[in-house]
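Biologist: I would like to learn how to read a few features of this structure. Please give the general idea, then the case at hand.

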Amino acid sequence: MEDTTREILERVEKLGKIDTLELAAELNVDHQKIVGAVKSIQSAGDIINCEQCTSKKWELTEEGKAVVENGSHEALVFNAVPVEGIAQADLMQSVPNAKIGFSKAMSGGWIMIDKKAEGGPRVFRKVESIEDLVQQSLIKLQNLQLDGITDQQKTDYKKRKLIQEVKINSFIVTKGRNFSLTISKQETDLTPEMLSSGSWKEHTFKPYNFEALGVLPDSGHLHPLLKIRAEYRQIFLEMGFSEMPTNNFIESSFWNFDALFQPQQHPARDAHDTFFISDPMYADETKLPADYVAKVKKVHSEGGYGSQGYRYDWKLEEGKKNILRTHTTAVSARMLYKLAQQEKFTPVKYFSIDRVFRNETLDATHLAEFHQIEGLVADYGLTLGDLMGVIKEFFKKLGIQKLRFKPAYNPYTEPSMEIFGYHPGLKKWVEIGNSGVFRPEMLLPMGLPDNVQVIAWGLSLERPTMIKYGIDNIRDLIGPKVNLQMVYNNPICRLDRH
Amino acid sequence: MPTVALERDLLYERLGQSYTEEEFDELCFEFGLELDEVTSENALIAKEQGADKAGTGSDKVIYKIEIPANRYDLLCVEGLVRGLLVFKEKMACPVYKKIPPTEGSTMQELTIRPSTAAIRPHCVAAVLRNITFTEASYKNFIDLQDKLHQNICRKRSLVAIGTHDLDTIEGPFVYDALPPEDIKFKPLNQTKEYTAVELMELYSTDSHLKHYLHIIKDSPVYPVIFDKNNVVLSMPPIINGEHSKITLSTKNVFIECTATDLTKAKVVLDTIVTMFSEYCQDQFTVEPAKVIQTDGSEVVYPDLNYRHEVVEVADINKKLGIKIKADAMASLLTRMCLKSKAIEKGARLIVEIPPTRADVIHACDIVEDVAIAYGYNNIKMTIPKTNCISQQFPLNKLTDLLRPEIAAAGFTEALTFSLCSKDDISDRLRKDISTIRAAHIANPKTLDFQVARTMLLPGILRTVASNRKMPLPLKLFEISDVVFKDDTTDTGTRNRRHFCAIHYNKFPGFEIIQGLLDRTMQLLEVPPGKGDTQYYIRAADDPTFFPGRCAEVIALGRCVGVLGVLHPEVIAKFDLNMPCAAMEIDLEAFL
């Protein structure tokens, strides 16, 4: 190896330029060995420049090599035919590849056959001697002496699978920027010994490959949806909203529906939409505030507080049914009731982000549980304009500038508005949330002062997250089928950047 | 939300104007409707029955429009067009009138028998005189009944509508409830008579009617309405009789609504008569009917009640954040079919709520209609002056402080479902479900939602099972709520915030999980030791863990959780094939 390396460097020094293929032929060594030496010099820095070139050459196949060794198939057949002739059947047994050899020898006019001979067809020599051109040509090809061999012959031999064309990658080697006849061994990296001995000054160092990626650190990762949850939480806190305790997945129908003036025949209370609990099936009615329950019953069944009511037979039995909460607004109702029990009303701003449950048919965008984001403000004299304004500030922090509002229906808010945001990517208005002013039939039975308005809005956490990360199937995001690679690769969450 | 499908060209013809799709979409948006889908009969056939069947219908454009769930007056093209025309000030809201029968004839009478109290106690009725149906309006009439049945009538359970050709029957009518074997009649679109018992059998396989049978099936008596000659009009809420069937040539329609909810029955009757009296010779008039109650009292229906509400102009302006004068506000409300007039020098409005607007039950509904007609997007946005100092919920604050620290310790966060199967929290963890204080779900659609989870571990193990192709080790954690039964709360249940972590690798790595516990305690400022302010672990038996490889975590003087190497059977039951160490602790002890 070292000899070859020196030979290459000396020749480059002397000639200025060498061709690895020529050098291999000249030194009569395997071309690959020369190439290996060139590569190793190349890796030692800018000592040489290499230019790759591709050439084609003819090479004998195993069958071709056999022909060079023993003669062509037809010559072998000819030689196997004695002057007195031979039975065709015996001839075919006597040499390898007899079938091809026979037909070539026949068409070359070297042999003939007497089909009517006694004891079956018999083969005789037609000429006395032959010249094995195929063997001679292949020998020339093997020695790279291409003169005198026609293209027709090459095509013919190729067809007979005696030769094949191969590509050879070779290099033209010239002097590099740091050309020298000796190569000092390169160090891969600094070591403590080099630092203490000072030997780093004498060494040259192997260059780094800056094209390659680094080694990722071993680390844990937060879940993408919960990173976004933290971001929403931060936005509410920035806006002065306090967090509601939403750690009660199971809720009574009373707080989830009745307190919100949602009638007991409302379709949302159907088993097709809501998960009911079989154990414990009912909430403990002694733990519900009795006077408030009586007021809720009255406003549903008879009205009051300026309302006609729904005028139906309200049943506590229905309100006691335990369910998995269908919205976090159940908690808002509990909080507003608690607020109303204070001696003196104080304005509040509340928010929550937590799980809610729907007994829905599951598909790529719907799960039986998802996160609801909710914000509310309770104060004297709040206006619909205030609601739209606070929603605008909220969405501004999410990077959504253009909003518009559509009239909608919701049993516990009036006016009610669907929130649409302009999505510059999709170039259309997309529904991004719901909002409204809580109805007096909800607030007044709680005991809140009648000039206190409560404005509120809500949205789901999953939907905007799926849009942000371009996730089509919600199961890739939440639940056991989550793709951990996606979790590992997920960036930090900056909601206001698009 | 209910949806109505309308032929676009007919809709525009009735509106007296064509719109581009964008313009119509905009109008819907402003009015609180949603143009949900633009399609055609053929497109719908292709979608429902396959592309080869398309071509049998028409190619006329159909608009599917979503209607707010409380606006029963917009569930048919008649009402929708009326609403939009009034909104665009192209027509005045019609005045609906009850006109008693002409002299010489008497009001139709219907008597409610006491036996109906056991199954469906209420009934209301009315007559539409001299009506002229076209093929289109006849279809709309049937469609509206269907939409009402599906929505306000709650799939016929609260109210069921029957409409009859009055000229084929003869009052007075009786609403009774009889044993099923005593009811026999020829039902709609059948050729022979059936008893009610036979009908229940017949319809048990009917794709449409089978959904309503349960409403009366197990009752000893079934509701039935018949006339003076014992001709059966209907067996509510299942089917009408063939005899009184309405046809295109029907001139006089008798409408009855039986109900368990009288308020809704009145709304349904009002809706039908206000919508379809448009086709009566004397437009927007209804002939009332007398219903004799079980106590002998008489009530005349339909209600067709015009209610009046007085509202403060200043109050509405204040609630919306706008400043408009009484007259302007009155004309906005009039555009919403709420005819209004300024009174007391413009300090107040008197608002008339017509029988079509059953959704208006409070002054706040009137406020909303002012806002809609004013245009939500014309209201100036303001920022509430409410000043508050925000507070985090302490449990969530603790959780959000810990999560990044656990991730920094090399564990990746999982997010799993709070509902799971019974097996996930019992059998697969080698535990007996009867020993677990889990809340059970009554009506799960699949096995995956039988209980609220009592541990985070099963969800995390499922996450590992779905990610077995990922390079080892897998180190996962979750901090989230589980639910237990608890008699001390009003619902009888309580959430607990748990912290679970696992190490899944070619070796169990008990020491790695124990190290995470030690790190967590360091973060929570709980030092090791056996005192009441410290923590330690002590050997324990737990069927989920491998014997001798399980310990309880004792912190601040009580057991807060468990850690150990999972039992090989648990590994197998979650379809895993590597050893795994896990811990699960209750964080609420550390608040």
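Modeller: A disulfide here is a pair of cysteine sulfur atoms within 2.5 Å. By this rule the count over all chains is 0. This is a predicted model, in which local features need pLDDT of at least 70, side-chain atom pairs count only at pLDDT 80 or more, and totals for chains, interfaces and linings use all residues. Side-chain values use heavy atoms, without hydrogens and water, residues are numbered from 1 along each chain as its sequence is written, and chains are lettered from A and ligands numbered from 1 in the order in which they are written.

Biologist: How far can I trust the coordinates?

Modeller: pLDDT is the predictor's confidence in each residue, from 0 to 100. Where pLDDT is low, the predicted coordinates should not be read in detail. Chain B averages 94, and 100% of its residues score at least 70. The model has an ipTM of 0.91 and a pTM of 0.81.

Biologist: Which strands pair with β6 (residues 163-175) of chain A?

Modeller: Strands (E, at least two residues) are DSSP runs, as are helices (H or I, at least four), numbered from the N terminus. Two strands pair if DSSP finds at least two bridges between them. Strand β1 (residues 17-19) of chain A runs antiparallel to β6(A), with 3 bridges, and A:D19 stands opposite A:I172. Strand β2 (residues 48-60) of chain A is also antiparallel to β6(A), joined by 13 bridges; there A:I48 has A:K175 as its bridge partner.

Biologist: What should I check in the backbone?

Modeller: Most residues other than glycine have a negative phi, and most peptide bonds are trans. A:K161, not a glycine, has a positive phi of about 60°. A:K161 sits in the loop between α9 (151-159) and β6 of chain A and is exposed, at 58% relative accessible area. B:E344 has a positive phi near 50° and is partly exposed at 48%.

Conventions. Buried means under 20% relative accessible area, exposed over 50%, partly exposed in between (1.4 Å probe, protein chains only).
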